Amino acid sequence: MAVGAVGVEAGHGSPLAYGGELTFTVVMTCLVAASGGLIFGYDIGISGGVSQMKPFLQTFFPKVLRRMADAKRSQYCIFDSHALTSFTSSLYIAGLVSSFAAGRVTRSLGRRGVMLLGGALFFAGGAMTGAAMNLAMLIVGRMLLGFGVGFTNQATPLYLAEMAPARWRGSLGVAFQFFLALGILIANLVNYGTARLEWGWRLSLGLAGAPAIVIFVGALFLTDTPSSFIMRGKADLARSALLRVRGASANVDAELKDITRAVEAAQSSEEGAFRKLFADRQYRPHLTFSIVVPFCHQLSGMMVLTFFSPLVFRIAGFGSNAALMGAVILAAVKFGSLILSTLVIDRYGRKVLVMVGAVIMVVCQVANAWIMGAQAANGHIPRAYGVALLVLTCVQGAGFGMSWAPLIWIIPGEIFPMEIRSAGQSVSVSTTLGLTFLQTQTFLALLCRLKYATFAYYAAWVVALTAFVLVFLPETKGVPLESMGSVWERHWYWKRFVGDGHGRRKPASSPSAST
């Protein structure tokens with residue numbers, strides 16, 4: 001595969017030395033694997049819509065219905081219920097727990113095996129929530145969904161990063177977010193269609209089993225990644241898998257040799273992967289961005305707005321069905337924006353998307369805060385201003401959809417060296433799920449207290465975190481995974497940790513010195 005890698009010369013470890021092409025097999029393999037995003041996306045989209053359905057609230061959260069009937073209560077505080085937010089957030093605390101175990105399970109079962117396990121758990125959770133008779137059964141079902149999300153989110157981005165050719169890794173990696181956004185859109189359409197049914201909430205929750213079946217059946221037909229095969233001592237299968245996805249014209253032996261060398265270096269210190277990530281100075285940049293990238297994604301404010309968009313649109317003056325349709329429009333805009341990110345991410349790079357997305361999000365958030373603040377004295381938001389809020393929120397969603405929506409999965413999947421890859425991805429996923437839990441548990445209370453200033457709060461976070469990323473994150477466009485270390489070694493700041501202080505690689509430690 002002919003490709004120019006940033007800062008990587010042709011020769012050993014370069015994609016120029018591997019040859020090959022973008023084959024139909026690798027495209028289909030990555031698309032099937034990326035369909036795991038349907039699981040996460042469906043849950044993100046389904047919970048907010050179900051949370052404002054009256055039959056669902058009457059069954060599990062009758063106090064919220066009484067608040068909705070109280071004309072004296074602030075519109076911002078109608079849905080401020082810890083029990084209601086626990087319905088959404090319980091999934092993510094379970095996902096956080098499973099993500100800690102996912103790294104070790106991945107090394108034992110491989111990326112494909114973990115995707116199968118995640119799909120099975122998500123199917124069981126969907127069946128239980130759809131049939132829930134009480135709050136305890138509902139929460140247990142949500143936790144099973146969380147275990148499925150934790151395993152799938154850990155394995156799928158690594159699978160995509162390891163299978164995709166370096167030149168197209170960004171575009172193929174976006175496929176996970178593409179399916180995630182598709183899952184959100186489908187979930188909102190399901191909510192809109194079932195909202196008028198007395199038992200519609202059961203159908204919405206139970207249909208979570210459908211995306212679980214898609215990833216489970218799809219994973220049955222996938223091969224595992226060459227890196228995963230090598231880690232489990234299956235070199236012949238690794239070569240076959242690499243030949244299958246790279247094509248007959250590729251220099252498979254050269255790429256396999258680099259992968260084998262990276263795996264052997266990783267296995268020499270495999271047991272200390274988490275300790276090395278947190279304690280070893282040379283992994284300081286990897287640890288930093290395994291935490292910072294999820295913060296950028298979560299504190300953009302777009303994720304909680306995606307979860308609770310029907311509730312926010314209700315506060316903005318929309319009726320129940322109109323609020324659900326607003327959520328559908330928002331999901332459709334985000335889905336469409338991913339097509340744009342797919343086209344440009346490997347042409348212009350990751351940091352350009354970060355910058356453009358941040359400008360769009362900040363402008364829209366500040367405008368939303370101004371509109372809601374200016375109309376606060378009226379006690380309600382006029383229809384014209386409500387439509388303006390919807391439009392601005394959709395534009396904000398487009399900015400998010402072309403930047404941090406895909407980058408949350410692409411960047412962590414490509415920056416970690418082999419010896420800490422599973423551990424680093426576990427930290428990234430657990431940070432994402434932990435922040436999602438905190439955000440979903442506190443957002444409605446935050447909205448009740450800060451009111452329209454909530455949008456300005458998130459805009460401030462976007463400005464601060466974007467500035468940090470633009471200064472400290474090196475561009476990774478087109479760089480092979482096995483050569484990613486050279487990017488950090490030449491960075492003006494991180495070279496003092498990764499290199500010898502002059503942009504040169506540190507001598508590798510011997511296996512006997514590793515723990």
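This is a predicted model: local features need pLDDT of at least 70, side-chain atom pairs count only at pLDDT 80 or more; totals for chains, interfaces and linings use all residues.

Me: Which elements have the lowest and the highest mean pLDDT?
Reply: Helix H1, residues 15-18, has the lowest, at 52. Helix H22, residues 453-472, has the highest, at 95.

Me: Where is the pLDDT below 50?
Reply: Residues 1-13 are one such stretch. That stretch still has 41 contacts in the model beyond near neighbours in sequence. Residues 507-515 also fall below 50. There, the count beyond near neighbours is 8 contacts.

Me: Switching to H16. How far apart are its end C-alpha atoms?
Reply: They are only 17 Å apart. H16 runs over residues 302-315, 14 residues in total. A straight helix would reach 20 Å at 1.5 Å a residue.

Me: Where does H16 bend?
Reply: At Phe 308, by about 80°. Pro 310 follows within four residues.

Me: Now the packing. How many residues are in the largest nonpolar core?
Reply: It has 137 residues. Phe 56, Phe 289 and Trp 404 have the most contacts inside it. Helix H8, residues 169-194, gives the largest share, 11 residues.

Me: What does Phe 56 touch?
Reply: Not counting residues up to four places away in sequence, its partners include Phe 61, Phe 87, Leu 138, Trp 201 and Leu 205. Val 50 and Ser 51 are also on the list.

Me: What's in the second core?
Reply: That core is separate and has 12 residues. Among them are Ala 250, Val 252, Ile 259 and Met 418.

Me: Last topic, Arg 350. Buried or exposed?
Reply: Buried, because its relative accessibility is 1%. Arg 350 lies in helix H18, residues 350-374.

Me: Which side chains make polar contacts with the Arg 350 side chain?
Reply: Glu 414 is one, at 3.0 Å. The side chain of Thr 476 is another, at 3.5 Å.

Me: What else is in contact with Arg 350?
Reply: Leaving aside neighbours within four places in sequence, the contacts include Arg 169, Gly 170, Ile 345 and Leu 407. Ile 410, Ile 411, Glu 475 and Lys 477 are in contact with Arg 350 too.

Note on methods: Residues are numbered from 1 along each chain as its sequence is written. Side-chain values use heavy atoms; hydrogens and water are left out. Helices (H or I, at least four residues) and strands (E, at least two) are DSSP runs, numbered from the N terminus. The expected span of a helix is 1.5 Å times one less than its number of residues. The bend at a residue is the angle between axes fitted to the seven residues ending there and the seven starting there. A nonpolar core is a set of buried Ala, Val, Leu, Ile, Met, Phe, Trp, Tyr and Cys residues joined through side-chain atoms within 4.5 Å. Buried means under 20% relative accessible area, exposed over 50%, partly exposed in between (1.4 Å probe, protein chains only). Contact means heavy atoms within 4.5 Å. pLDDT is the predictor's confidence in each residue, from 0 to 100. A polar contact is a pair of N or O atoms within 3.5 Å; within protein, one must be able to donate a hydrogen and the other to accept it, and residues adjacent in sequence count only if both atoms are side-chain atoms.
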